[in-house]
Amino acid sequence: MSNHQSLSSSPRFHPVSAPDFLPGEQLRSLQLHRLKSMVQLAYDHVPLFRSRMEERSLTPAAVRTLSDIELLPFTVKSDLRDTYPFGLFARPMKDIVRLHASSGTTGKPIVVAYTKNDLQVWTNVMTRSFAACGVHEGDIVQNAYGYGLFTGGLGAHYGAEALGATVIPISGGNTQRQLMVMKDFGVTAICCTPSYFLHLLDQAAESGVDLEKLALRAGIFGAEPWTESMRQRIQALSGIKAYDIYGLSEIVGPGVAMECHCQCGPHIFEDYFYPEIIDPQTGKVLQDEEEGELVLTTLSKEAMPMLRYRTRDITALTRQQCECGRSLRRIKRISRRSDDMFIIRGVNVYPSQIESALLKVEGALPHYQIVLSRERDLDIMEVQVEVTPEVFSDTVGALERLQGQLSKSIEITVGLHANVRLVQPRAIQRSEGKAKRVIDQRKL
Ligand code: DLL
């Protein structure tokens, strides 16, 4: 498909999306130009990067081609913790106009910084994200990502506003108010975590609000892993299109990658973020289509450049042409993180595997939690899953049958027995942001 054809075949092509369609060669030469400046900036202004490069006898001049990026050392999350709070900043505080932080599960948060230009780039990629899934001026966007230190709220906010959409900065929580606003303000697109949207759907059903009758038509969902079955479930229950948006604070926040209207995996905004996939064990760079850990290098970040940041997110890159005509490579949906994995009786398990096993069975709701415990040195996995009110009030025999089906589905998927506990609707605690899927009591 020629570039010209693909542009014209995109629904309501928006000028802001032009870089999404850059011919491959132009894209690569832009990336190389930007990469060189990034490495120079990091080497000149960030002691950690300079010393790591010196250890390898490298100077910025070593980067002559894009594949020379492989010479550079990786950066990992603990580098941000060890230099807390401002140790990786490449610019003096007077140039830094925004800070965000991500709490994570252990100890101190990691802090990330932006210059004015960095904020412009972030707005640019978020604008392109909305445009990619067909959100435009005239749309009314309910932004239910949390506002504050979390990057979700403000990232989506400025992107939608720059596009000319009307933004409702409602932030997360207060579900009844969310529903009222959605209905009364004629909201056409919503931004939140997929798990929070499911919670909204539950509450809507309970309050007699039929989402299919509302103007809502698109959801921009991300910030946590979710499966394709979850997407299908959301779309069937709400009548909207659910799009996957990916990002992380260390790189920019939301807007590193976003799905287009074809819904076949997020396109990486490669003009600003250079992706690689590595074998998480050996660090070896893998080919397109091979699954491994996503490593990202920022190509324009001034306040806090990131060289070869190991995201821990497991995915694959694909060069296969998307029907939308974008030249940007796509990543496979990120349904797991290498550090989300838990080991039970010697078997590696990811929450997303349990999720897809549960959603294969009729009667189970997509609200679940995995509780790991240890009894007499034996690991026990209990999967608590909510069932529909009809199922919950069914006969004991029917409940036992469902329990058996779910347990079997998990066993087929992960090869392990799990005790399945059916719980009533709403029994599992809801989060306004990222859902907590695993409770590991073995470490207590
Ligand atoms: O979650 C940024 C964001 C906000 C992305 C809103 C999308 C929408 P952090 O809090 O730093 O930043 O968490 C980043 O969340 O490394 C992934 O493990 C996970 N994650 C983010 N988006 C997705 C997604 C934001 N679409 C971490 N699918 C990342 C799967 C995701 N996991």
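Let's start with a mixed sheet: four strands, ordered β20-β19-β18-β21, make up an open sheet (helices, H or I, of at least four residues and strands, E, of at least two are DSSP runs, numbered from the N terminus; two strands pair if DSSP finds at least two bridges between them). At its edges sit β20 (419-423) and β21 (438-440), each of which pairs on one side only. On average, neighbouring strands here are turned by 20° against each other, direction ignored (axes are lines fitted to C-alpha atoms, for helices over the stretch in contact, and angles run from 0 to 180 degrees between N-to-C directions).

This is a predicted model, where local features need pLDDT of at least 70 and side-chain atom pairs count only at pLDDT 80 or more, while totals for chains, interfaces and linings use all residues. Residues are numbered from 1 along each chain as its sequence is written, and side-chain values use heavy atoms, with hydrogens and water left out.

Back to the sheet. Strand β18 (residues 364-375) runs parallel to β21, and 3 bridges join the two. Look at I370: its bridge partner in β21 is V438. Helix α10 (residues 351-359) packs on this sheet and touches β18, β19 (378-387) and β21, with its direction at about 130° to that of β18 (contact means heavy atoms within 4.5 Å).

Strand β12 (residues 309-315) pairs with β15 over 2 bridges, and I314 stands opposite R336.

Finally, have a look at D244 in strand β7 (residues 241-248). At 5% relative accessibility, D244 counts as buried (under 20% relative accessible area; exposed is over 50%, partly exposed in between, with a 1.4 Å probe and protein chains only). Leaving out residues up to four places away in sequence, D244 touches F221, W226, A257, M258, E259, P266 and R333.
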